Amino acid sequence: MNMHIAAKHPSPEMILRPDFAAAIGNTPLIRLRRASESTGCEILGKAEFMNPGGSIKDRTALGLLDDAERRGLVRPGGTLIEGTAGNTGIGLALVGNSRGYRTIIIMPETQSAEKIAAVRMTGAEVRLVPAVPYKDPGHFAHRARALAESMNDQDPGSAWFANQFDNTANRDLHENTTGVEIWEQTRGRVDGFVCASGTGGTLAGVGRALKARKAGVQIGLSDPMGSALAHFINHGELKSEGGSISEGIGSSRITANFEDAPIDRAWSIPDTESVPLVHELLIEEGLCLGGSSGVNVAGAIRLARELGPGHVIVTILCDSGTRYPRKLFNPQLLHEKNIPVPAWLEQAFTEAA
Ligand code: PMP
């Protein structure tokens, strides 16, 4: 099957984009060779790490901000506020910079040091808070909302809370861009789509876009250990076991974005399955990816095995592994977690020492 569908001579609008926002999206679909060969399917990864802010969350940030601007919820020069595991903060601050807003990001202190530094480097004000469950009023999302409310009490209209988890402009953006792009890039030949859920925006939006065009397309949730979502889909109850070193995915609750996601299947993916895929994709295919991409590819392989050979399955390559060197590429931490360490990685650190 010929999946080489990229234009040889890109049109002028593909070369020149007028600003940061216009450079978001229209990412390539990359064939994942080993996953495809081992399953007899075409497994394709949407290269969201190629967005200008480095992750899928550039899209979300833009979708939320465009919607707020359309509805007059944010005034020129105002402050954008969000609670985020990091990538949305980077995207929001960068889009905000390009449009003359300032940004305050509240994030859990457990996120990778590199990602915290990346948010700071955007010029956004970063407030780190302890990682606590959603029901705790100290959770980063509640703190972000409370901060926006108190700023608006003092100066009405001065702050806008993006609310990526429960603002369904997130899901709608993916339905109208990411999902449509996948449909067009595969020329409608997509049989299945799999990804993890953080806010649920990507999964629900892409799922809805594809189902509207092809009712039989299979939508799968690949959930990291420690998240309650796969158990919820399979057994109707929010329940989790274990944990994961992946960031930005998994949930203990059903968000408004996740709520209407048309999900057919769900798998709980252990780090011992997803992290080796991250290592393999880097050393064998040149793709340097973060942990959520590993969970996604693991889910795509599981769907491929369930559907059998000959199917086209798409997943998301959310961000780059360069955001997690001390987690995903740290032999000592991987040994502690009983995650296999490939010889090349072990050797790289032995030589460096
Ligand atoms: N991967 C990474 C690295 C992320 O930061 C996020 C967003 N939190 C996701 C995946 C999940 O995307 P979504 O919020 O659309 O479910």
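## Basis of the values

Residues are numbered from 1 along each chain as its sequence is written, and side-chain values use heavy atoms, with hydrogens and water left out. The model is predicted: local features need pLDDT of at least 70 and side-chain atom pairs count only at pLDDT 80 or more, while totals for chains, interfaces and linings use all residues.

Helices (H or I, at least four residues) are DSSP runs numbered from the N terminus. Axes are lines fitted to C-alpha atoms, for helices over the stretch in contact, and angles run from 0 to 180 degrees between N-to-C directions.

## Helices α3 and α4

Helix α3 covers residues 57-70 and helix α4 residues 87-99; their axes are 8 Å apart, at an angle of about 50 degrees. That angle makes α3 oblique to α4 (under 35 degrees counts as roughly parallel, over 145 as roughly antiparallel, 65 to 115 as roughly perpendicular, and the rest as oblique). The crossing of α3 over α4 is right-handed (the near helix is turned clockwise from the far one by less than a right angle).

The contact (heavy atoms within 4.5 Å) includes Lys57, Ala61 and Leu65 of α3 and Gly91, Leu92 and Val95 of α4. By class, it has five nonpolar, three polar and five charged residues. Ala, Val, Leu, Ile, Met, Phe, Trp, Tyr, Cys and Pro count as nonpolar, Asp, Glu, Lys and Arg as charged, and the others, Gly among them, as polar.

Helix α7 (residues 169-176) and α8 have axes that come within 3 Å and cross at roughly 15 degrees. The two are therefore roughly parallel to each other. Leu173, His174, Glu175 and Asn176 of α7 make the contact with Thr178, Gly179 and Val180 of α8. Its classes are two nonpolar, four polar and one charged.

The axes of α8 (residues 178-185) and α9 (residues 201-213) come within 7 Å and cross at roughly 45 degrees, so α8 and α9 are oblique to each other. Here too, α8 passes α9 in a right-handed crossing. Residues that meet include Ile182 and Trp183 in α8 and Leu210 and Arg213 in α9. This contact has six nonpolar, two polar and one charged residues.

## Around the ligand

There are 15 residues around the ligand (a heavy atom within 4 Å), and Lys57, Gly198, Thr199, Thr202 and Ser292 come nearest.

Some polar contacts (pairs of N or O atoms within 3.5 Å) can be listed. An N or O atom in the side chain of Thr199 is 2.6 Å from an oxygen atom of the ligand. For Gly200, a backbone N or O atom lies 3.0 Å from a ligand oxygen atom. For Gly248, a backbone N or O atom lies 2.8 Å from a ligand nitrogen atom.

Methods
A polar contact is a pair of N or O atoms within 3.5 Å; within protein, one must be able to donate a hydrogen and the other to accept it, and residues adjacent in sequence count only if both atoms are side-chain atoms.
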